[in-house]
Amino acid sequence: MFLIRLWHYFKGYVIIIVSGFSVEKFINICTRRQILLWDIERLSPTEVTMKMSIRGFKNARSAARKSRCRVRIKEKKGLPYIIWKYKRRKGFVIGLVAFAVLIYLMTSIIWSIEITGNYNINTDVLMEQLNGMGIFRGATKRSIDPKYVADTLMLKNRELAWTGVEIKGTKLLITVREGIEPPVVIPVEQPCNVVAKRDGIIISIMAKNGLTLVKEGDTVKKGQVLISGVLESIHPEFGSKQVHAMGEVLARTWYEAEKEVPVKKINRIKTGLEWNKYSVYFLDFRIRLPLGNNPFELYETGIVDKAPVIGNRFKLPFGLIIEKHYELKEEEQVLDQEQARELAHKMAMDKILEMVPKEAEIVDQQMQVITAEGREYIQVTVECTENIAIQKEIGGN
Amino acid sequence: MKRRKKDKTVKRKKESATVKEKVARMLEIPEEIVSDRPKITTVGRKEVFIENYRGIIEFTNEIVRINSNYGIITITGKNMKIREITNEDIIITGDIDNIDYVV
């Protein structure tokens, strides 16, 4: 039943009221002419209401004349009538089509390119390479072959270990991973020395090849030769032989950092006042909406980008930027000695941990308070054990 | 009055098998396909389905009279409507009391 109703709705039908003394005759003539009638109901002795298809209605006029009935339309229903109604409104239809086309076009274009994961390679360099491949803002999505782009980027940039190219809505996402460049390794055939990476006291020295020049407990300076690759013969007349020196030299090293103990600390707190600067943009063109000047002296800025996004993926190239300025106020906090020292110590430790290489092991740490010119300083010394051996070509400085 | 008079003039066939029907019976084809006898199907008391009719004679909420080759079929009841009517069949719905043949 539902399907039939749906069919009638699509084809369109009229609800008519037939009045006359021989409505039955009208019905008979209609059925004989292959006109489908349904939902026939008697309203009064002379009136009958029924439903009829649009096509049938055109033929029904002569049937009505023949049966001497009057036919009037009570209601027109179905899709064709709705279409007719809107056909007259040309502007509306044109607008609808234009809208659909515009949406389609706008979403089939790359509106933003995002490159992430690059630390050493400049984004501009990558961008230029992309431009060279015909990828820029405004390029159609179809023209981009992610695999080709990824391969080309990998070939052009040796530093890249991996490249991912993904089109997300109107955004081209390029994610790269940079490989760690392998350290300069001196080939085994080439003779070399082992020198100290930094100052320290030798704990142990183990030469796999070459002649050890220092022993345990020795203090060495940075750059000092620890294991020599030059083997002098006992008999000077035979001269010397050069080998590829190798070995591991564990040494005790020190790292030091100093920080002033602060007397007070300045905290910046938001006052809760806020002033917004609005600007609209299309691609890179930005127009500031004039709305006064920033009233704050000390402030923090946050940027909110309000661009229309279709289905959280298709970002369009225009929108509104709101720069939010939050007013800040400074508050001085007087610290007591213990707090202040702790703070200074923490800062000094942070600084040291930046200096200490990853492979070094921290053995001991010491803190010292130094007073000079009425100010207090915290000095932190960290003692580490690490391998300070590094290969270096003979002769070079 | 006029209508009743007309009813009498309607040619009525006898309920005996025609040659077509005999052949159909021999070949084991369902008879209603070849015969022009009306086929009435009712579903509960709400729906009557009539095939092979010739036309409607009267239609009100209480009575529907349908002409067929073998007489007038009178359906009485309440709130009767014609749900669908085509050249071959007619579907009547409503609270049906009676289905009669008037010969």
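## Where the two chains meet

Which residue of strand 5 of chain B does W38(A) stand opposite? In this predicted model, W38(A) faces E84(B), a residue that belongs to strand 5 of chain B.

Taken as a whole, the contact between the chains involves 14 residues of chain B and 13 residues of chain A. On the side of chain B that touches chain A, the elements that supply two or more residues are strand 3 (55-59) and strand 5 (71-85) of chain B. Sorted by class, this side of chain B is made up of five nonpolar, five polar and four charged residues.

## A sheet within chain A

Chain A also holds an open sheet of five strands, which pair in the antiparallel sense and follow the order 11-9-15-23-22. Strand 11 (219-220) and strand 22 (361-372) of chain A each have a single partner strand and stand at the edges, so one side of each is left without a neighbour in the sheet.

Within this order, strand 15 (residues 246-260) and strand 23 (residues 375-387) of chain A form an antiparallel pair over 11 bridges. One of the residue pairs here links L250(A) with its bridge partner N387(A), which lies in strand 23 of chain A.

## The helix on the sheet

Helix 8 of chain A, residues 337-355, packs on this sheet and touches strand 15, strand 22 and strand 23 of chain A. The direction of helix 8 makes an angle of about 150° with that of strand 15 of chain A.

How values were computed
Residues numbered from 1 in each chain as written. Chains lettered and ligands numbered in written order. Predicted model: local features only at pLDDT ≥ 70, side-chain atom pairs only at ≥ 80, totals over all residues. Contact = placed C-beta atoms within 7 Å. Helix = DSSP H or I, 4+ residues; strand = E, 2+ residues; numbered from the N terminus. Nonpolar A, V, L, I, M, F, W, Y, C, P; charged D, E, K, R; others polar. Pairing = 2+ DSSP bridges. Axes fitted to C-alpha atoms, helices over the stretch in contact; angles between N-to-C directions.
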